[in-house]
Amino acid sequence: MTEAIIIDGKEFSSNLRNKIAEDVKTFKKERNVVPGLAVVLVGEDPASRIYVRKKEEMTTAVGMNSLSYRLDANASQQELLDLIETLNHDPAVHGILVQLPLPKHIDTPTILEAIDPDKDVDGFHVVNAGRLAIGTPSLVPCTPAGCMMLLEHSLGSLKGKNALVIGRSTIVGRPMAQLLLAADCTVTVAHRHTKNLEELCRQADIVVAAVGIPHFVKASWLKPGAVVIDVGINRVPAEDEAAKAAGKTRIVGDVDFVEAAKVASAITPVPGGVGPMTIACLLNNTVQAARNLTS
Ligand code: GUN
């Protein structure tokens with residue numbers, strides 16, 4: 001049995017960031033403007049702090065301006081809305097990202113809809129979700145955009161493929177389904193109430209797993225030769241007994257990778273697959289937003 005090609009998201013995203021750095025240089029030369037990304041973090045969630053720091057470091061690394069805003073965990077919704085309003089009108093800011101999840105006392109849809117859709121580099125604003133749904137995408141959510149790049153890299157044209165998206169979140173599942181549809185796939189979206197998931201999976205040429213359950217998708221569900229994109233980032237106890245006893249953890253995806261790699265033709269690993277693509281696509285969206293705003 002031949003093993004699947006391991007899709008190297010780390011290398012792909014590194015090449016993409018090099019290309020973005022070139023785009024930023026050209027943009028500076030042509031328009032005398034440095035693209036700027038404002039990243040807003042409310043509270044102290046440890047995982048969010050790590051993600052936000054990474055986004056800021058990579059923004060600077062491609063030659064863009066990174067503007068950081070930190071609000072206290074008990075900052076009011078109005079304080080956050082006031083900050084967004086200021087950033088919406090700041091000509092040095094081309095992209096605005098409010099890190100999710102927000103504290104419970106803040107209404108997330110209200111915040112996302114306060115961001116100028118032309119600066120919405122997450123692609124979460126209803127205007128951008130609507131544009132994607134009617135097939136005129138502008139700023140596309142970063143994780144699904146990254147998945148599409150990896151799929152097109154593996155398969156070339158996706159036309160006519162059966163694609164199964166497992167998970168229907170607004171951040172990944174729904175926009176992913178829209179992008180696959182725009183690429184002429186026949187798309188099925190599965191979720192917690194789906195009855196015949198294994199059967200649907202066996203018919204899929206492309207499986208995108210975004211459920212947040214470790215090793216949820218089994219090798220026996222896959223059609224031989226399927227391309228598998230694993231969006232999951234799940235923290236589980238370390239495998240090694242001593243490490244486990246010491247409370248160490250490791251990150252695994254939503255797919256049983258080792259077994260699935262024996263059936264699939266190509267598969268993304270976790271870590272090192274989809275994860276690194278998300279930030280690269282955020283930077284890509286920021287350059288795109290800067291182009292749109294200054295043209
Ligand atoms: N939290 C987890 N993923 C994301 C993302 O893609 N964007 C934002 N803003 N917050 C997140």
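1. D184 is exposed because 12 other C-beta atoms lie within 10 Å. On this scale a residue is buried with 20 or more other C-beta atoms within 10 Å of its own, exposed with 12 or fewer, and partly exposed in between, the C-beta atoms being placed from the backbone. The place of D184 is the loop between α7 and β6. Helices (H or I, at least four residues) and strands (E, at least two) are DSSP runs, numbered from the N terminus. Phi of D184 is positive, near 70 degrees, and the residue is not a glycine.

2. On the source: this is a predicted model, in which local features need pLDDT of at least 70 and side-chain atom pairs count only at pLDDT 80 or more, while totals for chains, interfaces and linings use all residues. Residues are numbered from 1 along each chain as its sequence is written.

3. N32 also has a positive phi, about 55 degrees, although it is not a glycine. It sits in the loop between α1 (9-31) and β2 (36-42). N32 counts as exposed because it has 8 C-beta neighbours inside 10 Å.

4. Two cis peptide bonds deserve a check. Most residues other than glycine have a negative phi, and most peptide bonds are trans. The bond from L100 to P101 is cis, with omega near 0 degrees, and P101 is in the loop between β4 and α4 (108-114). A cis bond also joins V270 and P271, with omega about 0 degrees; P271 is in the loop between β11 and α11 (275-294).

5. Which residues surround the ligand? They are L97, V98, Q99, L100, D122, C142, T143, I171 and T278; a residue is near a molecule or strand if its C-beta atom, placed from the backbone, lies within 6 Å of it. Two or more residues of this shell come from each of β4 (95-98) and α6 (142-155). By class the shell has five nonpolar, three polar and one charged residues. Here Ala, Val, Leu, Ile, Met, Phe, Trp, Tyr, Cys and Pro count as nonpolar, Asp, Glu, Lys and Arg as charged, and the others, Gly among them, as polar.

6. UniProt, in an unreviewed entry, lists "domain: Tetrahydrofolate dehydrogenase/cyclohydrolase catalytic" at residues 7-122. Its positions are given in the numbering used here, feature names are shortened, and annotations may be inferred rather than shown by experiment. Over residues 7-122 the chain is 50% helix and 16% strand, with the end C-alpha atoms 24 Å apart. The unreviewed entry also places "domain: Tetrahydrofolate dehydrogenase/cyclohydrolase NAD(P)-binding" at residues 141-292. That span, 141-292, is 38% helix and 18% strand, and its end C-alpha atoms lie 17 Å apart.

7. The unreviewed UniProt entry gives the feature "binding site" at G167, R168, S169 and I233. G167 lies in the loop between β5 (162-166) and α7 (173-182) and counts as buried because it has 24 C-beta neighbours inside 10 Å. Leaving out residues up to four places away in sequence, G167 touches V172, G173, H191, A210 and V211, contact meaning C-beta atoms, placed from the backbone, within 7 Å.

8. Is I233 buried, partly exposed or exposed, and what does its neighbour count show? I233 counts as partly exposed because it has 18 C-beta neighbours inside 10 Å. It lies in the loop between β8 (227-230) and β9 (234-237). With residues up to four places away in sequence left out, I233 touches I251, V270 and G275.

9. T170 is found in the loop between β5 and α7. T170 is partly exposed because 14 other C-beta atoms lie within 10 Å. The C-alpha atoms of T170 and A129 are 8.8 Å apart, while the two residues are 41 residues apart along the chain.

10. An open sheet of six strands runs in the order β1-β11-β8-β7-β5-β6, with parallel pairing; strands pair if DSSP finds at least two bridges between them. The edge strands, each pairing on one side only, are β1 (5-6) and β6 (186-190). Two bridges join β1 to β11 (residues 266-267) in parallel, and I6 stands opposite I267 in β11.

Note on methods: Two residues are in contact if their C-beta atoms, placed from the backbone, lie within 7 Å.
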